[in-house]
Amino acid sequence: MSKKIITLTRHIIEEQRKFPEATGKFTDLMNDIAFAAKLISYHTNKAGLMDILGETAETNVQGEVVKKLDAFANETMINALDHGGHTCVMACEEEEDIIPIPDQYPLGKYVVLFDPLDGSSNIDANVSVGTIFSIYTRVTPDGRPGTVEDCLQPGVKQVCAGYVIYGSSTMLVYTTGNGHGVHGFTLDPSYGEFILSHPNIQIPKKAKIYSVNESNFDFWDQSIKNYVHYIKQIDKATGRPMNSRYIGSMVSDVHRNLLYGGIFLYPASSKAPQGKLRLIYEANPMAFIVEAAGGKASDGKNRILDIKPEKLHQRVPLFIGSEEDVTMVEEFIAGKRTK
Ligand code: AHG
Ligand code: MN
Ligand code: MN
């Protein structure tokens, strides 16, 4: 008998079946995200062909305006999610305000926050980019459009988070939270289906890799300098220093570290006193995934998922990955150790 192939849809349906009260709306929502991911994947794959296919910076062969890929990804996500009757409001990194559901479509109970294309500055060099998403249940009353209040929930309230990585293959990784596992699906280009390839991903407790933009060294607090200096020294247990890997595309950096064991850090600095990464579009969903895989995510002092967001585009320092290493950087930041 041939091997059982588990598609993303089947996986979600089987998970939903564990909840007798489930209406199927969550399944619909995830299918819409998966469809958007396939479109974005297709377009990122031919990003380098724009000029060769006769498309200029302004218009393509069909006379349509060629959008920058992050704008395309943004519109694709919105168009995929606004009409299914599962969502009451969205917000994303590319839009200043919340994104309402158009009047002609029914409202649902879910709130979707996303970064349509993370790492987009890397696209021209053919480096992996990704889409990050985060799903909550609304806190405002049903039957009315969702509000900014629905979008500003602490990350611990997420009902699902995931990312899609457009790399040497396209993968969708998602979790419905602690105890439900983190599952990775690889897009089979011939079937056009996401197939379960990485069930129940667990991040190693101890990191082998650190990922940081070290050009910011001079702008860091002394405690961060001490920590990074420390991890570059030879570790007595392993006989070598930690390995450095930094793509500059958080989805890709965190994805690799999730599989191999690693810590990704984007600390606050004198250049960016609040940090660079965005709490609700980047830090929270990745923190929800990494925690569900047995890792940890912190702003240096507090658990990321416990922070109550105050505004949509709030930034946060981020330390995320293998549990022991995130705990260690917290100790440096607290001044409990300097080496
Ligand atoms: P985005 O492309 O969505 O704006 O995010 C870029 C982020 C993140 O992906 C990455 O880890 C970080 O910016 C890289 O920043 P530096 O170039 O400062 O290292
Ligand atoms: Mn981003
Ligand atoms: Mn982005």
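Me: In which strand does Leu117 lie?

Reply: Leu117 lies in strand β3, residues 110-118. Strands (E, at least two residues) and helices (H or I, at least four) are DSSP runs, numbered from the N terminus. This is a predicted model, in which local features need pLDDT of at least 70, side-chain atom pairs count only at pLDDT 80 or more, and totals for chains, interfaces and linings use all residues. Residues are numbered from 1 along each chain as its sequence is written, chains are lettered from A and ligands numbered from 1 in the order in which they are written, and side-chain values use heavy atoms, with hydrogens and water left out.

Me: Is Leu117 buried or exposed?

Reply: Buried means under 20% relative accessible area, exposed over 50%, and partly exposed in between, with a 1.4 Å probe and protein chains only. Leu117 has a relative accessible area of 2%, so this residue is buried.

Me: Which residues does Leu117 contact, leaving aside neighbours within four places in sequence?

Reply: Contact means heavy atoms within 4.5 Å. On that basis, the partners of Leu117 include Ile40, Leu69, Val129 and Tyr166.

Me: Which residues does the UniProt annotation "binding site" cover?

Reply: UniProt positions are given in the numbering used here, feature names are shortened, and annotations may be inferred rather than shown by experiment. The UniProt record, an unreviewed entry, puts "binding site" on Glu93, Asp115 and Leu117. These residues are spread over 25 residues of sequence but cluster in space, the largest C-alpha distance being 9.0 Å.

Me: Where does Glu93 lie, and is Glu93 buried or exposed?

Reply: Glu93 sits in the loop between β1 (87-92) and β2 (99-100). Its relative accessibility is 17%, so Glu93 counts as buried. Beyond four places in sequence, Glu93 has contacts that include Asp115, Arg278, Tyr281 and His313.

Me: How do helices α1 and α2 pack?

Reply: Two packed helices are described by the angle between their axes and the distance between the axes. Axes are lines fitted to C-alpha atoms, for helices over the stretch in contact, and angles run from 0 to 180 degrees between N-to-C directions. Here α1 (residues 8-16) and α2 (residues 25-45) pack at about 160°, with axes 10 Å apart. That makes α1 roughly antiparallel to α2; angles over 145 degrees count as roughly antiparallel, under 35 as roughly parallel, 65 to 115 as roughly perpendicular and the rest as oblique.

Me: Which residues make the contact of α1 and α2?

Reply: From α1 come Leu8, Thr9, Ile12, Ile13 and Gln16, and from α2 come Phe26, Thr27, Met30, Asn31 and Ala34.

Me: What is the phi of Asn126?

Reply: Most residues other than glycine have a negative phi. Asn126 has a positive value, near 65°. This residue lies in the loop between β3 and β4 (129-137), and Asn126 is exposed, with a relative accessible area of 74%. Asn200 also has a positive phi, of about 50°, although it is not a glycine. Asn200 is in the loop between β8 (193-198) and β9 (209-211) and counts as partly exposed at 42% relative accessibility.

Me: In which helix is Asn226, and which residues does Asn226 touch?

Reply: Asn226 is in helix α5, residues 222-231. With a relative accessible area of 17%, Asn226 is buried. Not counting residues up to four places away in sequence, Asn226 touches Phe332 and Thr338.
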